[in-house]
Amino acid sequence: KISCDVPKDFMSALNKNRKAKSNFEKFSPSDKKRYYMWINIAKKKETKDRRIKESIELLSKNKELGLK
């Protein structure tokens, strides 16, 4: 089962980028969960860190996950 828990590293990165955070807060709960699950499914720390970075970049551009 994939965890839908909020990744702490992701929230920390999100809090450092006002634009990304503002855009993320406008997303539906299901869109937010998609981000959480994509980050949580990563097995390696390097993968998780890369996904967090990509997430912040997408959110800064107000793009949903999977719509690069």
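1. Ground rules. Since this is a predicted model, local features need pLDDT of at least 70, side-chain atom pairs count only at pLDDT 80 or more, and totals for chains, interfaces and linings use all residues. Residues are numbered from 1 along each chain as its sequence is written, and side-chain values use heavy atoms, with hydrogens and water left out.

2. The α1/α2 pair. Two packed helices are described by the angle between their axes and the distance between the axes. Here helix α1 covers residues 8-15 and helix α2 residues 18-25; their axes come within 7 Å and cross at roughly 115 degrees. Helices here are DSSP runs (H or I, at least four residues), numbered from the N terminus. The axes are lines fitted to C-alpha atoms over the stretch in contact, with angles running from 0 to 180 degrees between N-to-C directions.

3. Who meets whom there. From α1 come Phe 10, Leu 14 and Asn 15, and they meet Ala 20, Lys 21 and Phe 24 in α2. Contact means heavy atoms within 4.5 Å. By type, the residues of this contact are four nonpolar, one polar and one charged. In that sorting, Ala, Val, Leu, Ile, Met, Phe, Trp, Tyr, Cys and Pro are nonpolar, Asp, Glu, Lys and Arg are charged, and the others, Gly among them, are polar.

4. Leu 14. This residue sits in helix α1 and counts as buried because its relative accessibility is 0%. (Buried is under 20% relative accessible area, exposed is over 50%, and partly exposed is in between, with a 1.4 Å probe and protein chains only.) Leaving aside neighbours within four places in sequence, Leu 14 is in contact with Ala 20, Lys 21, Phe 24, Ile 56 and Leu 59. Its C-alpha atom is also 8.8 Å from that of Ile 52, which is 38 residues away along the chain.

5. In soluble globular proteins, nonpolar side chains tend to be buried together. The largest nonpolar core has 13 residues, and the members touching the most others are Phe 10, Leu 14, Phe 24, Tyr 35, Ile 56 and Leu 59. Two or more residues each come from α1, α2, α3 (29-40) and α4 (45-60), with α4 giving the most, four. A core in this sense is a set of buried Ala, Val, Leu, Ile, Met, Phe, Trp, Tyr and Cys residues joined through side-chain atoms within 4.5 Å.

6. Asp 49 pairs with Lys 45, the closest N and O atoms being 3.0 Å apart, and Glu 54 pairs with Arg 50 at 3.6 Å. Lys 45 is exposed at 53%, while Asp 49 is partly exposed at 33%.

7. A longer-range bridge. Arg 34 forms a salt bridge with Glu 64, with 4.0 Å between the closest N and O atoms. This pair links distant parts of the chain: Arg 34 is in helix α3 and Glu 64 in the segment after α4, 30 residues apart.

8. Most residues other than glycine have a negative phi. Asn 62 has a positive phi of about 60 degrees although it is not a glycine. Asn 62 lies in the segment after α4 and is partly exposed, at 45% relative accessibility.

Conventions: Salt bridge = Lys/Arg side-chain N within 4 Å of Asp/Glu carboxyl O.
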